[in-house]
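Hi,

Here is the structure I promised to pass on.

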Amino acid sequence: MNAPVTPPDAPLSASGATPVMAQYFEAKARQPDALVFFRMGDFYELFFDDAIRAAAALGISQTFRGNHNGQPIPMAGVPVHAAEAYLAKLIRSGFKVAVCEQMEDPAEARKRGSKSIVRRDVVRIITPGTLTEDSLLDSRGANRLAAIALRAGQAAVASVELSTGAVESLLLAPSGLAAALAALSPSEILVPDRLFADEHIAAALKMVGGLVQPMAQALAEPSASEARVKRLYGVETLDGFGGLAGAEISALGLIAAHLEVTQAGRLPALSPPRRAGEADVMAIDPATRTSLEIEKTTGGQRDGSLLGAIDRTITAPGSRLLAERLARPLLDPARIEARLDAVQWFLERRQLREDVRDQLRRAGDMARALSRLALGRGGPRDLGCLRDGLKVGEILAGLASGDVLGGPPAEIEAALVAISPSNSIDLSGLLAGLEAGLGPDLPAQARDGGYVAEGIRPELDQARSLRDDSRRVIAGLETRLATDSGVPLKIRHNAVLGYFVETTANKADPLFHHPHNTVFIHRQTLANQVRFTTVELADLDARIAQAGERALAIEVQTFEAWRDQAVALAEPLRAAAAGLAALDVATGLAEWAEDANASRPVVDKSLCFDAKAARHPVVEAAVKRAGDPFTPNDCCLDGSGENGARLSIVTGPNMAGKSTFLRQNALLAVLAQAGSYVPAASLTLGVVDRLFSRVGAGDDLARGRSTFMAEMVETAYILTQATPRSFVILDDIGRGTATWDGLAIAWACAEALHDTNRSRALFATHYHELATLEGRLAHVSNLSLRAKEWNGDLVFLHECGPGPADRSYGVQVAKLAGVPPAVVVRAREVLERLETESHSPARLEGLPLFEMAAPAPVQKWGPSPAEEALKALEPDGMSPREALEALYRLKGLT
């Protein structure tokens, strides 16, 4: 989506503005494309076009206040205490918000003069990719800010999850941008403005979605980017990050530039960039990801997706880690086996698993709490979250060490080491300090006070005692003064005099004479009362007035010390948070594996795909809730053709389960390579490098594409990108055009997958003529979903077996769908007539057998040598001399 906020056509003039409005104009000039939340007391106010746009988006009243240059000023506002709810709605609507805060107390401003105004400044710019507050985030979903850059023919994608501090960098070919961005699913993407001219990048950005934020090309320039990244991490060199490529530095530099602006100079606590490459994870393009509903359904819901079906995690960080693993399945069998070992270890230890999950319920979101603390947005509850997480880690480490069945596998062992505070003196010290120092009831903000336990700071206890026991102290002083003077008196308080001694006029005379006049100081005489003070009372008055402020100041000082201590331990705290999440995922997958009767897959480097009694995890859960059984099916493919077909043609009637069969086998590959057990009796899987799915119909009206055109575009992408290690599922290719055109396209695509791509593929179709490919191509088999007619009705068996289907039963399905009986009868008549025709408009014998037909020669109208040379130039990385030499070379090519 694109933000609806755009800079005004002409900036408003600040001439003639009041001092407060001049402050607003200054803030707006710095952030012309953002809505400015301008703090005025207990409200954030918006003015001019900001007010009009915000009022429309939020459904709040828009009024007018005062005048500027003879025109009323549009105004809208939201209460400070409810601001986060309004911010969430604005961010979801695509707006960018600049928060302009009061930087001092009004009393401080008055000290500079009665007409002085409160100092204000922009403290933060809120965009979709820079959210950190729990109320603005999906606790079980990642919120990433991504940036892309191109340099020297290489592309890079960098991402940061500001709420946890995780940073990643991926170097890849430009053609892989769409799949990489789809796996990250960023909320906001930073793109150098020059790249919008590249139609392939523009198409990739449109496919992925999210807010696209144009950035000046100069911000991606290598030397400036390197300087910003160094500044972000506080280092002198980037060599410690593993030799980042130029494109990676540019992408990271864009993120650093964006954070410098949006965080108003506050440096977040970020982890070093975790580098990855295309060869590390399975590539899943956006269309395939949508088709398979891996993380969310086509309607955008989590429920009904693969993630929703298998997620048994207890904590929000665990759920986010599981989603990340499903989004980016691994390619390395050794790493996959390590994850499966962790799941198996907990699957075999039910009681330990239950104990671990019970403890995890007490762990909070440590990574997000730490990030808020580092950015100055955290409070005592975030410190409490760190305390609780470390305490849970300490308990879990003890639970696992007591297991008598054998030591944990490597992944569990690493997690246990990370979560145990006893392995770090600094972490154990932080835990001890927070356990002893934090009280039982923790407020959200440090300024609310009441969170430091008694006995931690003696001066705090003293200030609290004076603040809380002021009545008792005053009563004691009153009794003592009355006794010493022999005069009946009372100590009272008002806003003008503060605390004072009061007695009646006829009793006050002794207090004016020696020795009492050395203690009592006359303040005021009224008609019936006389008022005095004493040195002790004046001092007590000042101390009582200051006690509350001093108590709060001491608490804030204590909080800041704890916060600084936690931020200094960011790396081990993040490691502990990651360890808890890893344990949550392992125990959650073990829990699901037991519930779903799933098995451990065998993942190797072969080209095999052999699933026995496999089920679709989402559909199975749905039919079980309805009380119905799910019919499992086998599927055997082999890219080499040695132990099975490379390509299976799947036929059968509509509603028989062809699409479910195709999707379930693709999802098995995702689950296995993500490190999960699979819903099957067994699965042997040769690693899949790229997963492709062309299932389901849908047009793309926004891009001027019909259903058939959208289908052909996706099919073309598959045929140009699939490799012998890929897994492809295709459903009803060619259905959106004339019958024989569609059959010809489907036939040619099947041949290409078999002969050219050589991918493992399932090809569902209603063109039964394709069944003849089994006898024409070397490694093709036929599969069909069974159905039976019984007393004129169609019964779906959902069983997949060898051989082609005898017919499609389309008329019977139409009857089941409620098509009027007269139409069904007529359809039967037409079908019977067509089936008894003695001739066909085409003869299949004329179609190719084992090889593709030679392409007809076509006139090539490709780019000229000069255009090719021009396209290869990288102007931003050239010196003046290199640019001149390139110009001469281009001249020579014309």
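Predicted model: local features only at pLDDT ≥ 70, side-chain atom pairs only at ≥ 80, totals over all residues.

S16 and S17 make a hairpin, with three residues between the two strands. Residues are numbered from 1 along each chain as its sequence is written, and side-chain values use heavy atoms, with hydrogens and water left out.

Back to the strands. S16 (residues 521–525) runs antiparallel to S17, joined by four bridges, and Gln-524 has Arg-531 in S17 as its bridge partner. S17 also pairs with S15 (residues 498–504), again antiparallel and over four bridges; there Thr-503 stands opposite Val-530. Two strands pair if DSSP finds at least two bridges between them. S17 itself (residues 529–533) is mostly covered, with four of its five residues buried. Buried means under 20% relative accessible area, exposed over 50%, and partly exposed in between (1.4 Å probe, protein chains only).

In H3 (residues 83–92), Ala-83, Leu-87, Ala-88, Leu-90 and Ile-91 are buried. They cover an arc of only 165 degrees around the axis, which puts them on the same side of H3; the arc is that of the directions from the helix axis to the C-beta atoms. Ala-85 and Arg-92 are exposed on the face turned away from that buried side. Strands S1, S2, S4, S5 and S6 and helix H2 are among what covers the buried residues of H3, where contact means heavy atoms within 4.5 Å. Just after H3, Gly-94 has a positive phi of about 95 degrees.

The other one is H16 (residues 410–419), whose buried residues are Glu-411, Ile-412, Ala-415, Leu-416, Ala-418 and Ile-419. Down the axis of H16 they fall within an arc of 165 degrees, so they line one face of the helix. Their cover includes H11, H12, H15 and H21.

Now the spaces. The second largest pocket holds about 1,800 Å³ and is lined by 44 residues, with Glu-101, Gly-376, Arg-377, Gln-445 and Arg-447 nearest its centre. H20 (535–568) gives the most to that lining, four residues. By class the lining has 18 nonpolar, nine polar and 17 charged residues.

The whole structure has four cavities of 30 Å³ or more. The largest cavity, at about 50 Å³, has a lining of six nonpolar, two polar and no charged residues. H21 contributes the most to it, with three residues.

For how I got these: on a 1 Å grid over the protein atoms alone, a cavity is a set of points where a 1.4 Å probe fits but cannot get out, while a pocket is an open set with protein on both sides within 12 Å along at least five of seven lines, and lining residues have an atom within 4 Å of a point. Points are joined across faces, edges and corners, and a volume is the space filled by probe spheres set on them. Ala, Val, Leu, Ile, Met, Phe, Trp, Tyr, Cys and Pro count as nonpolar, Asp, Glu, Lys and Arg as charged, and the others, Gly among them, as polar.

Overall, 49% of the 894 residues count as buried.

Cheers
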